[in-house]
Every structure is written in structure tokens, then in C-alpha cells.
Amino acid sequence: MRKCSLSNLSAVFDKISENLALYIPVDTNGGAKFEKYESGMVMSEALNTVRSAKDFFFPQIEDVAAFKVEGKNIEVVDTRVIKDDFVIFGARACDVKAFEVLDNVFLSDPVDSYYANRREHGIIFALSCSKPVETCFCNAFGIDCTEPKGDVSMWKTESEMYFKANSEKGEKILALVADLLTDGEEKVVESEKAKTKEVLKKLPLSNLSPDKFGGGKTKEYFDDPAWKSLSESCLGCGTCTFVCPTCQCYDVKDFNTGHGVVRFRCWDSCMYSDFTKMAHGNPRLTQLERFRQRFMHKLVYYPENNNGLFMCVGCGRCLAKCPISMNIVKVMKTLGGKN
Amino acid sequence: MQRIGVFVCWCGSNIAGTVDVQAVAEALKTEPGVVFSTNYQYMCSQAGQDIMKQAIKEHNLTGVVVCSCSPRMHETTFRKTAAAAGLNPYMVEIANIREQCSWVHKDMPTGTEKAIILGKAAIAKVNLNTPLTPGESPVTKRALVIGGGIAGIQTALDIADAGFEVDIVEKKPTIGGKMAQIDKTFPTLDCAACILTPKMVDVAQNEKIRIFSYAEVTDVKGFVGNFTATIKKKARYVKEDVCTGCGICTEKCPQKKVPNEFNLGMDNRRAVYIPFAQAVPKVATIDPDHCTMLKTGKCGVCAKVCTAGAIDYTQKDEFIEENYGAIVVATGYNPISMDKFDEFAYNQSKDVITSLEYERLMNAAGPTAGKLLRPSDGKHPHTIVFVQCVGSRCSACDEKGKEYCSKICCMYTAKHAMLTRDKYPDTDVYVFYIDVRTPGKSFDEFYRRAVEDYGVHYIKGMVGKVMPEGDQLKVRASDLLANKQINIDADLVVLAAAIEPDKSARPLATMLTASMDTNDFFTEAHPKLRPVESPTAGVFLSGACQGPRDIPETVAQAGAAASKVIGLLAKDKLTCNPCVASSNEIMCNGCSSCANVCPYGAITYVEKEFRQPDRTTLVRRVASVNEAVCQGCGCCTVVCPSGAMDLKGFANNQIMSEVDAICK
Amino acid sequence: MQIENKKPLIVAFCCNWCSYAGADLAGNNRLNYPAEVKIIRVPCSCRVNPMFILRAFQRGADGVILCGCHPGDCHYTSGNYYTRRRMALLFSMLDYLGIERDRTRVEWVSAAEGAKFAATMNDFVEKVTALGENKRLEDLRCKK
Amino acid sequence: MNNEALIPQVCVITNVRVDTPDVKTFRVVALDGKKPFVHKPGQCAMISMPGVGEAMISITSSPTNEEYIEFSIKRCGCFTEWIHQAEAGQQITVRGPYGNGFPVDTAFKGQNLVFIAGGIGLAPLRSVINYVRHFPERYGTVDIVYGARSMGDLVYYKEIIDEWCKDSNINVHLTIDREEEGWDGHVGFIPNFVKELNFSTDKTAVLCGPPIMIKFTLEGLKSLGFKETQIFTTLELRMKCAIGKCGRCNIGSKYVCKDGPVFRLDELDELPDEY
Amino acid sequence: MQKISRETLIEKAKELLQNGTVSSVLGWKAGEFSYDVTPATFNSVEELEKDFVYNDFCGANFSKYLVKATIKAEGKILVFLKPCDTYSFNQLLTEHRFNREKVYVVGIPCEGMVDVEAIRKAAGEGIVSVECTNDGLVVDTLYNGKVKLAEQDVLLERCKVCKSKKHVAYDELLGDEGEVIESKRFDEVERLEKMTPDERFAFWQRELSRCIRCNACRDICPACTCEQCVFNNPKSGVENKAAANSFEEKMFHIIRAFHVVGRCTDCGECSRVCPQNIPLHLLNRKFIKDIDNFYGEYQAGAEVGSRAPLVNYTTDDIEASDAVRKGDGENA
């Protein structure tokens, strides 16, 4: 366990950013957001960023390949570049857990090299939560927000930041700033954790449980009449999907630049009406089917294929951001409450 | 994928002088879709055209790009060439490398580079061209003239003269319009009735012309060549075909106190009446608002005295539907109401009258049998004040008047002044004016005669107030030239009221989807080049419904409108411009934006059933373009937020592909 | 960095009846204007969708000019009145977003105004050249 | 960096055959003139024209064909529209093969097979039919029931007549929807035809065709006594990645691109009704 | 706090359901917390009594829901509309987007709706409950205990500068018809206009760069009811699913704003729902301000059937070049 005083944090940032790209959450008009650190930036106090940290490994837009077309001939250009190492500083336990969810998709065979490339070079400094809020329910998915995973775990007290490396990658970065750190005591961290745990008990969603869901429950929930009322007001926008740290559906599109074709992939949302639209029909015709797909995927299909791991980390972003305040908690309570 | 042939023209040295045509043809060879590319001295020559024809056949071309002079010059030529070789003419695009390239740029590299880019843009467009076929629609060989004044009469006569059937719809019981009420005409001072009534008789006797008098157009559907109009023939309670026009009923009718509108209410008529002696059709009409029989069921005098048995109290409004190929609007004008012009005391004194009322006072068939007598006491007036521009040429912020010049007032006032002085030399005549406008043949001479020969007092200035006092009218005015106030004790004040379009014009315009200006005058398709056509195809304008005008102008325009109608009716079929808007009904929201901006009324809305993906059907309101009416401006395509409306020949993707090619 | 005096790219939308004819007249009279100006013929200025203008900027145009008949002279009676409103609002919005206002223009050029066409283009190109490359509405993917 | 599934290889169309008014078959090889990959019968590939689109198309040629692969494509969307106007020599991009393919080495082994296809549905089955024809010793009897709207809509007609019909252990049963001049074969819809043919239940059935045909044919087969475990079908949904990641081709927890497209009927019954 | 209570609305809905005037009710449904209400259809009195709410968080504008709801519904739908919602209602009617006969509008007064983000900012994160009282909000928080807030301070942006309390469409009113009020809604636009172009560019670049193209602004917008949006249509030439770069970010928002010119009633829903807090209303308001400035005041939706400025003209309209100058306060 190592530590530095909060007043010294900027020195740590400066040091890290001298060597590799460093991203920290900063406050903007649109809420907290990870930005590339430049000297003088102040780390946000916000509990979480508006967009999740998934962008680092699965950005909203990324080029897949490029093509040059001349007459009848095509030339494929591999536009991939190996990433340099970078540090994500201050991701929370829920977002870090979300990486595991994404890994199961992108690192399973065949490995998605774009994701793998970024993942390999990303070094995660995960920060324990000290002030969880009413929309938090990571607990429900077995996440301990005071014990975040990642290459380095961090705890913040009134005046200090504590660091614990969990991996070689993490060790290396801490070594980089070794001069700025001193030894820290477990005890302080433990008492900080205990305080947070007390708050967790008081949270309104502390009793939420996904036990009623999981693999093998498709038949049980698929035709539930409650989907109708749950989905009736859904706008079919992509807000929940795009702020969600675990949503990973994407679209692949071509852009004609006038002198070639860039094939890129971008986030897509199963809530969009054209998500599954084909030339001759659409298997998910109404918002009900699309809405159901999103939550069944998170609560049933994904766990079925991934040893019971749910595709939700309880970060609460969708609770805060849905234009019509419909969310996974309401879905879980409505469907689960019936049985 | 198209198979495009590119033909680069040298135009002698006109193009080849600054553009390396060989290089252009070579560079365009590798563009997408291009399978053939060549250059030639004069593409428009017979030999050049033959090269194109041969290439189209030999290479199975589906599209052609000609890099040459302006499409305004030879687009038609090359389209015809392509058509002759079996290619759809609308698969031809021109890259203008002469007027917009070789002629405006000096050096060869620059010109060549630009010519290549222009060629690429044309190729990009042709790649997205689709064959277009002009639609055809039949023409109903009959015209409808709405309004039976001199404008309508002249138009109808001219059209009938060319051998086409014409229907005149007149809302009054007789045709003749305003001209029938006028006494003399400027600048020749011949009697209006003498020149108008023979024309009215011609109309009545013309086999090709039907008159629907006492009738209104209540609905118009369709489009150029194919209009269907509904005409409401109001019940006149007199069988038109039986009535001989003898006039006995109008003498015996006990209801004598009906204000006579023909004389502008200055005398009375009976409840059954013939507006004036030379009315056409000369048929009596019962005024249902005043007829005791119709109101109470008691009377029946007219029926008793009618030897022909023409009276029919049970008559109902009759609706007639008729097809027309062309419609002429000749709804005319009216003097504006003087209600708002309190300063002239029009409502306070009977001796303040409008010019049209003055016409009637001067007319031998008028309320005073042509003697100039004051309406109030029947005395002969000695001092008469004419006020010009009452309600004309007002500032835009002035709520009661019109901004425009009514055009005819200067001349008729000069006429009135002159006639008055001529008939009654003992009168003093004053004319207050802002400007005297006399641009017309013999007009200024006429006006000067009034001043110089007849001693009319023309005073530049406006009348501020007219105050009735005793049996006189105190007129307070300013003389701008002398820069002083003038007070005149007048016996009669005549107001040259502004004229405005007839009130029936606006609802009619809506029916016809013809556009109007803010003053409710019909707008012309082009103010200079198409002055007698409405922007709505097949609708033509005659007379003062389009703007203030005098009789000769009206007659000239009436003839012009007739000739346009004849030109249209002479065709058996109309070929439509194929570059028209078309709406993708699947995407259309039915919001009406497109219909709102369409200058031609080409867009209508239909309720259409759509099959939903879930196999149910849904009725939606969607836009539908009448290709015979659309002129292809494309205005609708931009207001359509969903992009459902597109323009054939200049489609969104075609224009964007040109943009792309240019910016590449 | 090497400062290259790159020539601007100008897209001119010209209505078929007045401005395109005006451009032809400029040609007939051999009135020079820069070759950077590339004309796209449209039936009426009211055919020009704001999307086309944005598209031009995206694809690398440095300036876009719309030419139509003088107000009141529109071949289709009212097309250019609509154009005027649309472009007034669009250009005002672009300006509001901080896009240089000299990159866009509407000009009324009649079929008789060949000289005006050439003069307008000379002036417009000069103004756009002074602004340099379009950076604020560029799409880097479309750059070579 | 690793090979990336999403980056395709360039192949070239060497031959285009018009099968019906809206179906063409494209012969494709890699730039070196060889097959771009080895596939299993029933597998698919993503083929694409950059800037136009990419589509999942089943490979219709048999793996036993060593020279090239073939795709039969019906014109129905943006990309298919494009490829229909392509000529020999046109390059396209190909990635794959994707999907599980038919269980030719397991469930089908030693079995009597009946292939039932409607319209373009014969395309995916052709690969397995020709595979089975190549190894007649591994399988029992083979019946092929194939129908289309009209004679002109029957794909591979020449191959069916000249090759399949001539194979001794293959029974071909053709049908068209409506009477037509020059047709002396069976007329009627496939589901009824299947019932009329009254297959014995010692066969494994493989179905492919439009949803409505599948639905009624299944009923027919079941009425003949076929069990769910004896029936296989192959599905098609919208796909983007073809590798089970982009998230749109799933039916319940199964991805058609990865876990399918071939499903045994009892597997399919386990999945929610959303295809 | 809202002047009208949940009970009054339920009472009214009950009455209309029971006397057969309507067969369903479009209203707000209670959520997990004090503030997360969801638009919902209620079909029975029981449903209403169980879940119906009306409080300071009922900002959602129901007008757009009517487009689809009127197609599906058998009978009449009762919809509660706040004054600003009625403008959208009229605008949709002007565009023939639904059948007026199938809707029964009860106009309800609105005292301004509250922005939960603003509460979070003012009272601190971790909201346990929010109580709306006559003299402000009492917010119980996890970390700062009970915090009292003045309602005015935490109103939604659009409510702070409310343009009208007037109901322009209704079958029945609960409360007054209300009046159009003087608003300071253009102040922020003016502030931007006064900046230098460089500053403006930087401002919008910064704001729009946050856009994640989630389409919430479009999908909530009552003016965006196209059968198919150009941004979803591969053939439109501007389709894009994600803004690939700053050009596409701008293009999306410019075109979206342009498509609703003269149709946008300034209901403010776009800004309310933007998960990234992009001040989208400043784009729409710029157009509204320009329209007022160039062509005379025009309020979309004030009356059914009015002719929007872009489908209208006068012969002496301002020229585009003068408009740009006038737009930023320079004399034209």
C-alpha cells in the first residue's frame, strides 16, 4: 500500500503523463468526463463520469479498414496501429467490472484485435467509491465498490490517495512515481471502506437482487405481459445504451471519402428501430421487442452464455439519463416482483 | 451500373484553344461507369451526332456525357440525337466546358483541369440518372371564363371565334360588368353602352358561348387541360328559356322600394327586375330578399301578369358540373368602401359621392335621366370638387387605403370634369390631385384639354376635410403649389375611390390554387414574360382581377389571354415536363409544407392505405404530385424534412454526387 | 511548417434561368473569373437544400455561393423568395456557430448580368482566399 | 497484429451465371486463383463491395469443389442489387467461413436424407447435397423436394436435371406453384407435396425456404410422424460482424451467425419466437 | 410546487373514464425515487389510483406520444397538457400528424418543472427524497442531510425562461387559460451573438463535441415525427449513426435545427433529455430569434394552421447577407 497526499496528486499526474498518456475524469458543462491529462487539470470529484469508461477500449467510432477502389479492383488497407500504453485514472469498480463483461465478448474467439490492442495497452487505476448515491446498485451484481479491481486499486481519504498495485502493469506505473509516494497504512483504508459500506446499506436499491434472472430463464420472461407497459413510453433512443458501460452492440458502415472507402464501426443500439431491419422485414417490429431484447440480453441471454455473469454492473447511469426514466431497475422489479 | 459514353467537343478552337480536349477525354475514360470516351471537332455537327449515335449502339451506352458548350445551347440537340439512337433523352448530361470554362479561363492547364472536373461531375450525375418519359394528358376543348365584364366578354368572343366552346359565369343577372355602368369612355368620349352592348349581343348570339348569369363557380378540381368546375346557378325564379324580357312584371310588381344596385342605390327598382334595358340575357330576376311572394307566400302579381308563364316560385339553385381545358379569371374590380374615410363625410352627406355614382348621375339611363342633380335635394350643383387618390397610394402603415395607384382615376376624373364643364358651363369644377398620371395614347392631351379648354381648376394638394354645413359642403384643402390653405364651399364632392379586386377573387384563387398578391390581385406567371397567365397552368388572367387597368388595356389583355387559351385548346394532348417532383409515399408525413410552397398548386393530399410490417393496414395522408401541373422548380424538396419529396432529373443524390465530384 | 498558398475550391449553385445564363453570358463576353469556381446547374435556387451546402464543405469546398434570379424575376414566380428566407436563416446559423460568414453567399444574377457574374465570382474567390482553407466545417476523412 | 476477422480478403468473380430472373450465381476465387478458404456445407461468408455494403451469403458450392466457391444471390437489397450488375473480373471482398454448417459428419452420417427447399432456399442446401453426392457411401438414400413459383424460378435447373436426377441413389421431386406451359411435373405448394410424397420417418429432413413454407412444411412433416430431432433448418437474420459480437442476429441467447445458421428443430423450439 | 394536485387530476380522469368520454389516459407514472416519473397509459381507475403521479418532475411533453397513440387507441385518449405542451399539440395538428377527434385535452396549470440535475448540483449527490412544498423543495440527501431549495433555482432551463402559461389547445381546463408571458429566453442567444466568431466556434465545438448521437433529442422532439428520419435513411446522403468527427456533429445538429425551423415551439425537451447537457435549445432559439427579428414574431403552434416562416415569404424580405449582419446585432 502506497499513498500520496491529495495536494501532491497533480505531481503524480504530471509524472505519469510525462511518460505515457494519462486520462483523468474532469468536470465539464456536460458532467464529468475522462480527458487526456494536461498539466493543471483538476480531477473531478463526481462519483462517476457521464459516459462510461468503455470508450477507452470500445470507442464510439473506430476505423476497421480502408479500401481503395479502382475500376474493378479493390485494395484493402489495414489501418490498424498498435496503441501506446495509456493510463485510465479513477475508473470506478462498476466500470472496471464492465471491462470483464466486454472482455467476454471481444476477447472470445475470434479475438477482436481492435479491442484487444487497446485493452492490452490500457492500465487501469481504479478508485474505490466513498460516496455512492441513490442510483447505485452495483452491490446487486456482487461488486464491492470499495474494492475495485484493475491494475492499481485506489482509495481516497480526506487528504490522501492510497494506491495498491494488482498487476505488473500497475507496479510499473507506481514505480514511475515512486518518489512521490510514501508507504500507506491498510488501517486507514479499511476504516474508509467501512464508512462507505455503512452508506451502501442505506441506499434505496441496496436490496435489489438479480437472483430471479440468469441463464435458462428465457421461457419464463420472454412472453411476460409486463413488457408491454414497461416499453410503451420508450422513445427508442440510444441514451441507455450509449451511457451503459456494458452495452457493446455495434454497426459496421462504409464511408466514401471521395478518394477511397473507410470501413468503420460505431456504437449501435438494439433500441433503434432499424437495428435488425433487413431488406425484407424486421424480426423486432415494435419497440416492445427491441426493449425486451436489451433487458433479456443483460439479464438472461448474456448470463446464459457467460457462466451467470450479468451484463449490468449497477452503475446507475441509465437511471439518471433515460429521458423517460425507464430503466433496468424498474424492469427487474416489475418482472422479478411477479414470481 | 451505367455504361456511359463521353464526347468531348473541340468547338473548333473555342474549346480546344484553352482546353486539351484529348487529355480530357483520356482522363474521363477511367471514371466509374465510363466505357467509351472520345473527342471531336464539332459534336453538334451532323458528323458529330453520328459519332454519338454510333457509339450508343456499338457500346450499348446507357448514358451520355457531352463536354461542350452550354446546355442552354445544345442540350436539346444532343438529347434528340440520343433519342434517335434509341437512348432515353434524359440520360444525356452536358458538361459546360465552353462558356463556363474555355471562354473564361486563359491558360491550357487550368482550363483542362477544370474541364476534367466538370466532366467528372456530369458523369457522376449520369451515373444516377434514370430514364424519364414525359407524361401526356388530354385537353378538354372548352374554356371557362369567370366574370362577364368587358374582360370576360372579349376573352370569350375571341376564344369562340377560334372555334372553341366557352362558358361565361357571371354572378350578376346580366353580363356587362362595370363598363355597362359607365357613361362615356376616355379619351374619345364615346358612349360606353354604344360600344359594349353590341358585344354583349354578340356573346348572346354566339353558338359557341354559353352564359351562366346569376351564377357562381363553387368548386374547381383538376389541372391544366382537365379542369372540372361546379357552377351554381342561383334560382332567379324566372324560367330563363321562357321569359321574353318584355318587362311587364317589373312594372307591375308591387314591391317598389328595392334599392337599385345598377344605379348604386341612388334610385329604386322592383323585387322582380331586369338590371338595365340592354341586359344579356334579357331575363327578369326575382330578388328573393324582397319578393313578398317568396317571403310570405302572398302576392303572385308577376306570375299573373306574365303572359309567357315564365315565373316559377319553386325554382331551386342548380349545380352544374362541366369539364374545361382552360380557365380565364376575369373577376374585375370594385371601388373600395368609403366607410373608413370619415374625413370626406361620405356617410354624412348624400352629396359626397364616388366617381362611379357620378357616372350614373351623368348617364341618360341613370337615376336622374342624365341630368346632373344633387342626390340630396335634386338641385343643380354649381361648385363641384373632385378628390383624387381616395384610398390609393396610401402608405403601407395606413390601414384604410391601398398602397398601389388605381391607375384609372386620373383619366376618368378629367373626363368627368370636362363633361361637366361641357354640359354645364355654369359650374365651377375643382380637382384635387397628388400627381396627374396620364401615360396612355392621347391621355395627356385629354387632360390638358380639360385644364386649358374647359377651365377645370386642377389643384395639387389633398383635401383635408369635408364638412356638411347647411346645404353646402365646406371643403378644406391645401394647395401645395401656392402653399396655402383653401376653403371651398361646394355643392357636390366626388371621390375618386381606389379600386380593389372583387371579393369573390380570393375564394376563387383558393379553388384554383392560383396565387394572389397581398392586395388580392391575381399574380401572373411572370410579370414581364407571361403577364396573362397565372402560375397555375391552365389558368389565365384577364382584366382588372390582375391589377388596375383601363378599358383598352383590359381588352388587349383579354385578347392576349384568349390567344393563350386558344394555343392550349388547339393541342390534343399536353406533354408534361418529366423533370417533376415526386413524393415517396412511404416516407411522406403529410405535413403539407410542400403544398404550401408549391407555386402551381401541383401538390394535393390523399388518404392512402399502407400495409404495416405487422400486416395491419394504416391510412395515412400523403402528398401526391400532379405531374401535368408541376413545373419542376424543386422548392418542395427542400421544405420536406423527411426527404420524401425529390425532383426527377435533379434528384438529391444527383446533385450531391455532382458536389462530391467537384470537391474530390 | 511550409505555408502553401492553396487555391480555394468554390461551389456555385446557379439557377437554370437567370444565373446559369448569366454565367454563360460571362463566357460569351470572355469575362475572366477564377477557375476555382465550379458551377452546378439547378432548376431554381430554391432547389438548393442546405444539405448540399454542408456536403460541399464536408467534401472540401472552401466557399459556397448560390446564384438565382433577382427577387420578383423568378422563373417559378416565388422560388427565390423561399431561397432568400432559407439562406438568411441558414447563414445566420452558420455564423452563430462561428463559421466564417464570407464562406457563404447568395447573389442575384440575371441572365443579362454576365459582368456581374464575373465580378461576383472574382470578389467571392478573393474573400474566400483571404480566409484560407475551410477548417471549421471540414471532414478530415475527405482530405487527401 | 493478429489476423482480424473484420478485415476481409480480396477475391475476384470469375464467372456469373444467371439462374432465374432475380437469382445469379457468382463463382469466386482468391487473387491467387485458389479457393479463398475451406468451408463446411451450410456455412456462410460475408461478401462485400466497399462503399456499397456487406452481406452474409451462404456458400452454395460444395466443400468438395477444390477450385472455387460459389454464391447464389437473389436481388433484394442495396448490395445484392449492385452485385447483380457485376461482371466477371470484378473484385469483391470476402471473409469467412462463418456458422456451424450441417452436421454432415455426425447427425447426418449414415442417415437417409430428405432435402426440402423452396425458391432460393435451395442455395444453402446445394452445398450439402453435392457434398452428400460426393460421398454416397457415407449416407443412405437421398430425396430432394424442390419447388418454386414457376419453372423459371427454379434455381440450378440444369444441374438438377443433368446431374442430380441422374444419380442412382437420389430421388428428385420438383414442383411449381401454378400450371405452366412446358411443365409436366408436379404442380402445387411444397407443404402439400411433402405430405403427398408420404416420406417414411426413417429419414432426416433438412429444410430451407421462405418462413411461410417452413412453417407449413414442418406441420406436414410432423403429421407424417417426423420428430423434432429429425428435422434441421437453416436461418437468416440481419448480420454485421458475423462473429457473434455486434449483437443483432441473436434469437434468445443464440447467435445465428455463430451458433447457427443450422439448427435442429428441437434446439429452435427452445428459443423464443423472434425470427 | 404544482398548484394542481394529483388527486384533482385523478378525479378528472376518473370522471371522463367513467362517463365514457375517454377510454384511456396518458399520464405520468410513479418511479423508484421521488423524481423518476415515466409517461404511461392508464386504462382504468385502479391503475390511476395505484401509479398516477403529478408533481414537479412531470416535465415530459406528451404531444408527440399522440401521433402513435391515436393510431392504436380504440377510443378517445385523455391527455393532460401543460401550457407549453399545447403549442406542440397545435403544431402537430397543423401538420396533420394525428386525428384531433381521438384526443380529449385537459389543460392543466404548470408552475414550472424541476430539473433533478440542478437539485443534485445544489443539494449534493445522493438524493433520498424530494418533497415539494409551497415554499420550495426539501431534499433529503445521503451526505448533506435535509437541504431546502428555492424552486426557482432548480427549475428546468425552459421553465426558468417560460414563454407562456397560456393554453392554446384544450377541451377542458383545470384552472385558468393563462397568458403569454414576457420571457428572457433569448438572453443566452444574445450573449453568444455578442461573442467573436472564434469564441462562438470554440463554444459550439466544445458543446457539440460531447454529442454521443444517442438521438434522444430527436426522438423526444415533437417536431421530429418523420416516418423516416433522414439520418436513418441510407439514401438521404446524410445518414449517420454516430458522429465520426466534429463535422458530423455539427451537420447533425445544424440539419436537425433547420428541419424544425418555424416548427419548433421551443418546448425545450431536447435540452432536457440530452444526457450530455448540450444546450440544444440555443440552436433552435437562434432560429426563433432570427425569425422574429427578420420576419416578424412567429410562435409555432400558437394557432392551428398558421403558415410557418419557411413556407412563406414577402417580396421585401431581408437579404441573406444582411440577415447575417442583423443576426448578431449589427445594423443591416
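Chain B of this predicted model contains 19 helices and 34 strands. The chain has 664 residues, and 53% of them count as buried. Along the principal axes, the C-alpha atoms of chain B fill a box of roughly 95 × 65 × 50 Å. Among contacts in chain B with a separation of 6 or more, 70% join residues 24 or more positions apart.

Chain B also touches chain C. The contact draws 38 residues from chain B and 36 residues from chain C. On the chain B side, five helices of chain B each give two or more residues: helix 4 (71-84), helix 5 (98-102), helix 6 (108-128), helix 18 (635-639) and helix 19 (652-663). Helix 19 of chain B gives the most, with 8 residues. By class, the side of chain B that touches chain C has 20 nonpolar residues, 11 polar residues and 7 charged residues.

A:T28 lies in strand 2 of chain A, which covers residues 21-28. Is this residue buried, exposed or partly exposed? A:T28 has 18 other C-beta atoms within 10 Å. A second residue of chain A, A:S229, was compared with A:T28 by distance. The two are 201 residues apart along the chain, and their C-alpha atoms are separated by 36 Å.

Technical notes
Residues are numbered from 1 along each chain as its sequence is written. Chains are lettered from A and ligands numbered from 1 in the order in which they are written. This is a predicted model: local features need pLDDT of at least 70, side-chain atom pairs count only at pLDDT 80 or more; totals for chains, interfaces and linings use all residues. Helices (H or I, at least four residues) and strands (E, at least two) are DSSP runs, numbered from the N terminus. A residue is buried if 20 or more other C-beta atoms lie within 10 Å of its own, exposed if 12 or fewer, and partly exposed in between; C-beta atoms are placed from the backbone. Two residues are in contact if their C-beta atoms, placed from the backbone, lie within 7 Å. Ala, Val, Leu, Ile, Met, Phe, Trp, Tyr, Cys and Pro count as nonpolar, Asp, Glu, Lys and Arg as charged, and the others, Gly among them, as polar.
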